[in-house]
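Please keep the structure open while reading.

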Amino acid sequence: MSALEDALELRKLAMEHQKFFRESIPLIASENIMSPLAMEMLTTDLGFRYAEGLPHHRYYQGNFYVDQIEDKVIDLSNRVFNVKQSDPRPVSGTNANMSVIYGLLKPGDKIATPDLSGGGHISAAKFGAVGLRGLNTVNYPYDPETMSVLPDEASKLIIKEKPKVCLFGQSVFLFPAPLREMADAFQEAGCTVWYDGAHVLGLIAGKQFQDPIREGAHVITGSTHKTLPGPQHGIILGNTEDDMWKSIQRGVFPGTLSNHHLNAMAALGVTLAETLEFGEDYAKQIIKNARAMASELSENGVHVLGESRGFTESHTFIMNVSKFGGGKLVAENLEKSGIVANKNLLPEDNNRNSQNPSGIRVGAQEITRIGFKESDARTVARSMAEVIKKGQSDRVRSEMKELKESFTQVKYCFGNLKPYEYIELYR
Ligand SMILES: *Cc1c(COP(=O)(O)O)cnc(C)c1O
């Protein structure tokens, strides 16, 4: 292959990738698609520039407009989340987490975190960012059926262990974290409360999940591309004293990045503006769709966790498919049938066998973004139940493709343009 052919091959693969997603039902709980107006920001000149440091205190020239953009993104974020402080520089949720870890904790310090098999994220694991910073971890006790931290048992643990920081927030985040219930324990242990809202940031923005700052969190981190339908990027929100905020900001720069990604930051600003306008309606519909899918699957004989509490209060739910061949097989069969979801550890897996865990995780945020309502969500859920029980199906695949054809626009945003339209300009 010539170099030109290599380049064209990459372009072709990207287009085929787009076609695959255009024809499939996207249910990965950590993904979403952006509005055309936000997407436009990604291909501007902002993506080629440096702006180290804070607005109006930069190291390079050429940042006159960048400063105004960053000021505006911060202001929008403070308004959307009703907080005093926002830092839109982290380039991912993990980068935001590392900034807090570097800003607030030193090697040897203790942090309390959700267990991986209870839905915790790798950045809070021993082999992830927390462990690589040399922190000692203790895991909260949790209820395996709802994958939720148990407030009384967790309170006892932190009073005994006195961690410097208590981290909440999960990658399987079905129900709000018990911040209010544990407020006395935080006080007694004297710990800083850090809420990782990567998955649920859009639901918090739409006021439909919990309000961590009002419930006692000092700082929130998040990815901006999961339920918040923005660019691949991160953010930190705070309502803290200036000193703690300064330490966290030093954790961002120079702690864990030099330049931030200015095009993504601008795209995040557009997303936040759209969230101010449409975020509440969007978040409400996401949760309705997730609950509709979960109950349809349950009615069709699939074990969905958390039934006693209505399966979920977020965008996501999780199924146990161990009796149908396990998460690996089921996820592959779904993919071949035009439905994209991921295998996931369940409590019963005990952190073993992450290549073939017992669970399948599902998120309703992206289908909601393109206009799915409960009846459409139930249609998909019935097809999923069929594939889970009987294996892959070409018929389901063509039905899913046909269904998807009637959802060609991004909703809950300014303008009413087709998804992928921007990228198609380059064909
Ligand atoms: C997704 C996720 C993150 C960070 O993800 P990035 O891919 O780095 O944006 C952090 N914490 C939790 C709980 C997550 O689910």
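## Backbone features in loops and a helix

K162 is partly exposed, with a relative accessible area of 47%, a value that falls between the 20% limit for buried and the 50% limit for exposed residues. The model is a predicted one, and in it K162 sits in the loop that runs between α6 (151-161) and β9. The backbone of K162 has a positive phi of about 45°, although the residue is not a glycine. N82 likewise is not a glycine and has a positive phi, here of about 55°, and its place is in the loop between α3 (64-81) and β4 (85-87).

Most residues other than glycine have a negative phi, and most peptide bonds are trans. Against that background a further backbone feature can be noted, namely the cis peptide bond that joins F253 and P254, with omega at about 5°. P254 belongs to helix α9, a helix that comes up again below in its packing with α4.

S171 counts as buried because its relative accessibility is 11%, under the 20% cut-off. The C-alpha atom of S171 is separated by 26 Å from that of M400, a residue 229 places apart from S171 along the chain.

T137 is part of strand β6 (residues 136-139). With a relative accessible area of 16%, T137 is buried as well, and its contacts, again without residues up to four places away in sequence, are with I111, T113, A124, K126 and V130.

## Packing of α4 with α9

Two packed helices are described by the angle between their axes and the distance between the axes. For helix α4 (residues 93-104) and helix α9 (residues 242-256), the axes come within 7 Å and cross at roughly 120°. The two helices are therefore oblique to each other, since an angle has to lie between 65 and 115 degrees to count as roughly perpendicular and over 145 to count as roughly antiparallel.

The crossing of α4 and α9 is right-handed. On the side of α4 the contact is made by N95, M98, S99, V100, Y102, G103 and L104, and on the side of α9 by M244, S247, I248, G251, V252 and T256. Sorted by class, the contact of α4 with α9 consists of seven nonpolar and six polar residues, with no charged residues.

## Packing around α13

Helix α13 (residues 374-390) packs with helix α10 (residues 262-299) at an angle of about 35°, and the axes of the two are 8 Å apart. The crossing in which α10 passes α13 is right-handed. From α10 the contact includes Q285, K288, N289, A292, M293, S295, E296, L297 and E299, while α13 contributes E374, A377, R378, V380, A381, R382, M384, A385 and I388. This contact of α10 with α13 divides into nine nonpolar, three polar and six charged residues.

α13 also packs with helix α14 (residues 394-405), at an angle of about 165° and with the axes 11 Å apart. The angle is over 145 degrees, and α13 and α14 are therefore roughly antiparallel to each other. In this pair α13 passes α14 in a left-handed crossing. Here V380, S383, E386 and V387 of α13 meet R395, V396, E399, M400 and L403 of α14, and by class the contact has five nonpolar residues, one polar residue and three charged residues.

## Overall dimensions and burial

The secondary structure of the protein comes to 15 helices and 17 strands. For a chain of 427 residues, a compact globule would have a radius of gyration near 22 Å, and the 21 Å of the protein agrees with this. Taken along the principal axes, the C-alpha atoms fill a box of roughly 60 × 55 × 45 Å.

Buried residues make up 59% of the 427 residues, among them T137 and S171. Where contacts between residues at least 6 apart in sequence are considered, 75% of them join residues at least 24 apart.

Terms used. Residues are numbered from 1 along each chain as its sequence is written. This is a predicted model: local features need pLDDT of at least 70, side-chain atom pairs count only at pLDDT 80 or more; totals for chains, interfaces and linings use all residues. Side-chain values use heavy atoms; hydrogens and water are left out. Axes are lines fitted to C-alpha atoms, for helices over the stretch in contact, and angles run from 0 to 180 degrees between N-to-C directions. Helices (H or I, at least four residues) and strands (E, at least two) are DSSP runs, numbered from the N terminus. Angles under 35 degrees count as roughly parallel, over 145 as roughly antiparallel, 65 to 115 as roughly perpendicular and the rest as oblique. A crossing is left-handed if the near helix is turned anticlockwise from the far one by less than a right angle, and right-handed if clockwise. Contact means heavy atoms within 4.5 Å. Ala, Val, Leu, Ile, Met, Phe, Trp, Tyr, Cys and Pro count as nonpolar, Asp, Glu, Lys and Arg as charged, and the others, Gly among them, as polar. The radius of gyration is taken over C-alpha atoms; the globule rule is 2.2 Å times the number of residues to the power 0.38. Buried means under 20% relative accessible area, exposed over 50%, partly exposed in between (1.4 Å probe, protein chains only).
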